[in-house]
Every structure is written in structure tokens, then in C-alpha cells.
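I opened my notebook to look at how parts of one chain meet. My notes follow the order in which I looked things up.

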Amino acid sequence: MDNTILPVIETALLKVAHDKGFATARDRLEVMSPQCGFGELGTCCRICYMGPCRIDPFGNGPKTGVCGLTPDAMVARNLLRDTVGGTASHVGHARHVLLTLRDALNGKAPYQVKGVSKALALARTFGVPTEGRDVNDICRDLVNIALEDFGRQDELPNNWLSKRAPAAEQALWSDLGLMYSNPHNEIETAMHATSMGNDADPVSLMLRVLKMSLIDGWTGLTLCVDLQDILFGVPEIAVTEAAVGVLEENSVNLAAHGHNPVLSEKILEWAEKLEGEALAAGAERINVVGVCCTGNELSMRHGVKLAAHNSQTELILATGAVDAMVVDIQCIWPQLAQVAKCFDTAFITTDAMVRIPDARHIPFEPHHADESARQIVQAAIDAFRRRRGKPVDIPQHKSTAVAGLSVEAIIDLLSKLDAEDPLKPVLDNVANGNIFGFVGVVGCSSIKFRDNAMTEEMVKHLLRQNVLVLTTGCTAHICAQDGLMTSEATYRYCGDGLKAVLEVLGKAAGLDGPLPPVWHMGACVDNSRIVDLMVALAERLGVKVGQLPAVGSAPELVQEKAVSIGGSFLALGVSCHIAPAPRILGGPMVTKLLTEDLQELTGAVVRVELEPKGAADWMVAHIAEKRAALGI
Ligand code: XCC
Ligand code: SF4
């Protein structure tokens, strides 16, 4: 592994932390290393108290657990529990957004419908009448359809799955027994099936993994994003900035971290309302910056600047310049409260489910959103007053970045080239090879892969080979920070074909230069946007999604959510590159299933590559196979 290309931003941030004597995640990882080999292989089971059972597949020790569970069943069962964790997170987020929309429509929560176009589009999808109706009434019908998904006890297919997913794939899923009804019941069933003494068949367990991933994809992501767009509006192309340099010494720096725009949208609103108080406190302004996925949500809809991805969260606090960090759900390191304490930073948790020792807790729930958001912004201003005049250490690195590439924004842009058939220019350029293919680069940032700048380097290898990159989540932050969402990146990194296409698109978009080669499509839940785009392209071509020259990649996997997202791509027939290896290698049959045999089932395979060039080369080769099969 090339150890020489730690991104300059991380180098600067780590220096700040070390200068101040902070241990970082890297230090904690080092103390922890080597990490547990049984855990890495997936052959550690602690599901019952006859265990924990550990199987060393290469040694002469035990070949099964005390109960007789085989290594393949063990890794499959563990993988299913990972997937349940990821799916439960997204489904929980989705349900929260749904209930917020319901309460907003009933006048019980201070939010308005901003995405009228999305509501109308969904009404068409779900057969809700729109003629002469108030948009709120239309939304009420959509809410009821969504609520039905969470309440039903029959076996009818889930509304969002059956209406939003492509028909050809549904037929396959139905044959495989993967269609689901109520996501909650399935999460319960999966936990039940994986408890001691239930499903011990690796194939059955792996089918459950696919089913759980479908729930993630169509309820956790698609339903969630559809309703978020109704509430907060459909993202439009906007220019923003990314990396720690977006912090401002003389402003109230308020970092929003987590996932749910129900919180961060209100924070942004109240930051504007309390600007006067910030000025009175001696600040130039209130600088709301985005961290992790809620940062992506804000940048997509409002062009809010992006301060940090997940593995930088503790590092930006060590600058001493963040006055408040407010968090909701998912990916919040407990360590943040400890770093915040050293700087008198207001570290504020808001969700009853996320309590962290030494954090200040300001409960936030939609009914009292305004009052809580006001308190939170106030706490940031108070913290600024205490910080004022003290030295800060903000590494002066940042890059501009184009964000807001929702499918609607993309189609809108393409319509300027061909109003009748907006996808045609893309498909023509795919056919002639100017666009060799698509890679959805998704998921987290991992300290295990920052030393070789895994994501940035892999993306550059792809661009050189004319592969268009669509990204979400923390990999979107990484790409934005590295300047990959700029026109310059198109000139600097793209092959000639891709460059030519992006120049035409940039002109259509009214940009000064070409469109960037890496498209910021949002947060992790917004992977549904990548899927929507692929479905639109496939339908226009009359092929299945899995036949497109497209691959998914989670180059720096951290969170369980990335596992279930990957599973939802696989169910669609989209192959996935992943690093590090999922914890299945101790199960030879499961490993073969995912890396080879799945091809027969859905048309997709999983590939582990730990090094950027190897990953990109495999993806390009895989795309070439798909192209050949399409005869292009
Ligand atoms: Fe979390 Fe979404 Fe992963 Fe980043 S990418 S570490 S999941 S914040 Ni979603
Ligand atoms: Fe061991 Fe079986 Fe219990 Fe797991 S369920 S801990 S393999 S005895």
C-alpha cells in the first residue's frame, strides 16, 4: 500500500490535534492493533451464552460452534445482523421524516411542504388524484400510503417497493421470495431468525440479507428521500465549499452533524433568525457548516459549506474554532464530547436515542422544533462569546464544489440539450464510449484508508478511463475536499471522451467551465437518487438495471448502513467493489456466493480490492464486460 499520500487536509488536521496533545482515532486504532482476526473473518459468535465461540478456519481447532453452527452459517448470520443494523437505522430515519410530514400537515409541527413538484410526481406514481386538489391534501394521501407500509400485517407487497422499484426486478425478487410487506416485521423476523437455534442454513440466511437490503433500499432510502424532498424541496445545482477551511475565526461556527434534515433545516432557519444576536456578540455572522450526511443534505438544498467527513469529526473540534456541534443520529463518535470539553465547545445531542456522557442534551422533536432550534443556536452564540479573542488553529484548506445533483436537477440540465428526450444525450455518449460507464462511489470515510487516499485516488483512476462518478455520503465530502467537484478536475483528470461530454453539459448549465466529473448526489439515504437515475437510464434503454455499464463502490466501509446499501445494489444486479473485506471470509461458501455465484441469481458480484488502482481497474473491466454484453 502506498503510504505517502495522506491528504494534505488530514495531515494539517492531525498536526493540529497532535500539537495540542490529543490522541486521535488513529492513535486509538494503533493501540488496538492487531484487531481481532476472528472478528475480521466473521467467525466469532456471541449470540448465546454457551459461547462466545470462535472458529479459526485455517487452524486445527474447533470446526463449529458449541451448538454445531458451521462457519458459513456463522458469517451469514453475523452479516444479516449487520444488515439489520443498517436497515433499522435508515428505516428509523425514514419513519421519523414520515411522522414529521404527517404532523406538519396536521398543523402540529412547524414545517411546510416545499417540494410541491415532488409531491405531484409521487402522486402520479401512487395514483393519487391531483386535479383541483390542495397540495397538502395530496400529501396527506401520500402519508397514508406510507403509513400503511409501516402498519400492515398482511402479506401484500410494500407500497413503496411495489410502486417505486422497477417491474422487471420485482419479478425476480418475487421469484426469490424477497418481496416484503412491513419493514418492521422483517427486522423482527431477521433478529428472531438469527437468535440462537433458528436459521442455520447459509443460503437461506444470505437470501434474508438480500431481503433486508431491499428494505433498506426502498423504505430506508427511497421513501425517506421522497418525503424529505416533499418537506424540504428537491435539490438544485448549487456551488459550495468543502474542508476545514470553511470555519471562520470571527464567526459563530455552528456545525450540524448527523443525518436527519428535520433537525438541520431548523438549525439553519434559526441561525438566520438570530444573526442579529450573533452580531451583537461581536461575531461577523453565524456560519452553519455541515458535517457527515446532514451536512450533505444542507449542501444539496442550500449550498451550505461542508466542514468534515466522519473521520475528521474530532479533528475539526481540535481547531478550537467550532463553537457548537449539534448532532442527531448515526455516526456520532462518543469521543466528540471529550474533545469538545477541552475547548468549551457546546457539544449538543438532541435525540433521545443518542445520549453521550459529557454532552449537553437539548431534546429536539418536531412538535417543538422552533423552540429547541432557537436554544441550540443560542448555545452556539454563547459559546462564541466565551471563545472570542482566544487563539484558534484553522488549517486554511478548502475547495469549491458543485452540489445538488438530484435526478430532477440532472434531467432539467439534460433537457436543455434535448427537451423531448433528455436522457438521450447521455445514452448516445455511453454508446459511443465518451462515457465508458458509471460508478456510484458511496459510504464512509475510514481512518484505515486515509493513508492511501483510497477514495480520491480510485476516483481519479476512474475518471482517466472516462467513467463518470456519482457520489454520496462521506465519500462525497472526500471528493469535494479534494477538488473533484470542480471544472478544473474535469480538465485535469478526465479522459478526452468524458471531458467533451462534461464541457457540453457545463455550457448547458450556464457554468463557466465544464460540469465537474464527480456528481454530488447527497447523503447516504440519497443513494436512492443514484438508483433512480440508473432505473431511468435502464428503462429508457429497455434493459434491466443490472445490464447497465455501472458499478457500485464503498471504498472505505465503516458503518453497517453501508453494508445494507451495498446489498440493495446487489439485489438490483449492480456489482459492488468494497474495502475493507466484509466479515465473511471465514465462510468459504458464503464468500463464493457473494464473489461468484450471486451472478447467477441477480447478475451481480462483490469484489474486494484494498488498493485504489486495483479497485478502479476491476471496475473498468467489469464495466467493459457489461458494455460487451450490450453490444456497445
Ligand atoms: Fe456515517 Fe452518513 Fe458512513 Fe459517513 S457515510 S460515516 S454512514 S455519515 Ni453515510
Ligand atoms: Fe456458540 Fe452457537 Fe451460541 Fe453462537 S449460538 S455462541 S455458535 S453456541
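I began with what a domain is here: its bounds come from an automatic or database domain assignment. I also noted that this is a predicted model.

**Entry: the domains.** I looked up the assignment for the chain. I found domain 1 at 74-232, domain 2 at 244-387 and domain 3 at 407-630.

**Entry: the contact.** How many residues of domain 1 are in contact with domain 3? I wrote down 37 from domain 1, which touch 35 residues of domain 3. Next I wanted the size of this interface. Interface size is often given as the accessible area lost when the parts come together. For domain 1 and domain 3 I noted about 2700 Å² buried between them. Carbon and sulfur atoms carry 71% of that area.

**Entry: charges and polar pairs.** I looked for salt bridges across the interface of domain 1 and domain 3, and the rule finds three. I also looked up the pair Arg164 and Asp532. Their side chains form a salt bridge, with N to O at 3.0 Å. I then checked polar contacts between domain 1 and domain 3. I recorded seven residue pairs, both residues at pLDDT 80 or more.

**Entry: the side of domain 1.** Which elements give two or more residues to the side that touches domain 3? I listed α4 (71-105), α8 (167-175) and α10 (202-232). The largest share comes from α10, with 17 residues. Last, I sorted this side of domain 1 by class. I got 18 nonpolar, 12 polar and seven charged residues.

Notes: Residues numbered from 1 in each chain as written. Chains lettered and ligands numbered in written order. Predicted model: local features only at pLDDT ≥ 70, side-chain atom pairs only at ≥ 80, totals over all residues. Heavy atoms only, no water. Contact = heavy atoms within 4.5 Å. Buried area = accessible area lost by both parts, 1.4 Å probe. Salt bridge = Lys/Arg side-chain N within 4 Å of Asp/Glu carboxyl O. Polar contact = N/O pair within 3.5 Å; in protein donor to acceptor, adjacent residues only side chain to side chain. Helix = DSSP H or I, 4+ residues; strand = E, 2+ residues; numbered from the N terminus. Nonpolar A, V, L, I, M, F, W, Y, C, P; charged D, E, K, R; others polar.
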